[in-house]
Amino acid sequence: MERIGAVLIDIDGVLTVSWEPLPGAVEAMEALRAAEVPLALVTNTTSRTRAAIARRLADSGFPVGPDDILTAPAVTAAHLRERHPGARCLLINTGDVRGDLSGVPLVEEEDGEGAVPDVVVLGGAGAAFTYAALNRAFHLVQQGAVLVAMHRNLYWRTADGLDLDSGAFLLGLEHAARTEAVVTGKPSGAFFAAALAHLGADPARMLMVGDDIETDVLAAQHHGITGVLVRTGKYRPETHAAAEGAPDHVVDSFADVPALLGLPGS
Ligand SMILES: [Mg+2]
């Protein structure tokens, strides 16, 4: 294929499953590094900060640091700082990503009645998605708070199967409150714009590698980026066949990406 300027790589299901490296993924990333291909890891993960993700991946042997990673929480924070500067935010999220939300005033439970949030931010589902938390979000949105969601993922894959994610709750909240959330993670245009700006790359010379045909691959293609679907992680032949469009490339795993790029030794 034509010389590619930069590569965007989804993490979960492409490089790792339940944070364990997939076969050949570390070696493939080492090959990209050796060829000095600019890259960014792009993830809707809402349970860990960029620094924590980088540490976990580096411990598994991936040659990456925090600056190589773009997460939905980090892009959400950039969106809030730009579009709602100083606005008080109620965050409903499972996992601690406050390290990536600098400059975003978060309203805590103990702040009391005086600190009514202007923005409700939904992160990833888990124990924090209680009836009380979701009902508070519903009340605030009815009273005019802006609804922002880090993503619309309906489920994610764990080593034990699929677990229900925040997109399922978001649909109900939007329907009940008769509103539509602004989504900041993949597959939103805001997320891909942030990734392009992060790498300073032209979409026509950029590749996106993902295991989610809609959220990663077709969304990237919609923004002019070349899409590569891997047959690992959440990949299912039925989902592939039923998709609205076709990926530019389909490979068995991330281990095949250096050869797809025509890198030496692959
Ligand atoms: Mg994935």
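Helices (H or I, at least four residues) and strands (E, at least two) are DSSP runs, numbered from the N terminus. By this rule the protein chain has nine helices and 14 strands. This is a predicted model, in which local features need pLDDT of at least 70 and side-chain atom pairs count only at pLDDT 80 or more, while totals for chains, interfaces and linings use all residues. Residues are numbered from 1 along each chain as its sequence is written.

**Overall dimensions**
- The radius of gyration (over C-alpha atoms) is 19 Å, close to the 18 Å of the globule rule (2.2 Å times the number of residues to the power 0.38) for 266 residues, so the protein chain is as compact as a globular protein of that length.
- Along the principal axes, the C-alpha atoms fill a box of roughly 65 × 35 × 35 Å.

**Sheet**
- Six strands form an open sheet in the order S5-S4-S1-S12-S13-S14, with parallel pairing; two strands pair if DSSP finds at least two bridges between them.
- Strand S5 (69-71) and strand S14 (249-251) stand at the edges with a single partner strand each, so one side of each has no neighbour in the sheet.
- S1 and strand S4 (residues 39-43) run parallel and are joined by three bridges.
- Valine 7 has leucine 39 in S4 as its bridge partner.

**Arginine 3**
- Arginine 3 lies in the segment before strand S1 (6-9).
- Arginine 3 counts as exposed (12 or fewer other C-beta atoms within 10 Å of its own, C-beta atoms being placed from the backbone) because it has 8 C-beta neighbours inside 10 Å.
- From arginine 3 to glycine 144 the C-alpha to C-alpha distance is 48 Å, with the two 141 residues apart in sequence.

Terms used
Buried ≥ 20, exposed ≤ 12 C-beta atoms within 10 Å, placed from the backbone.
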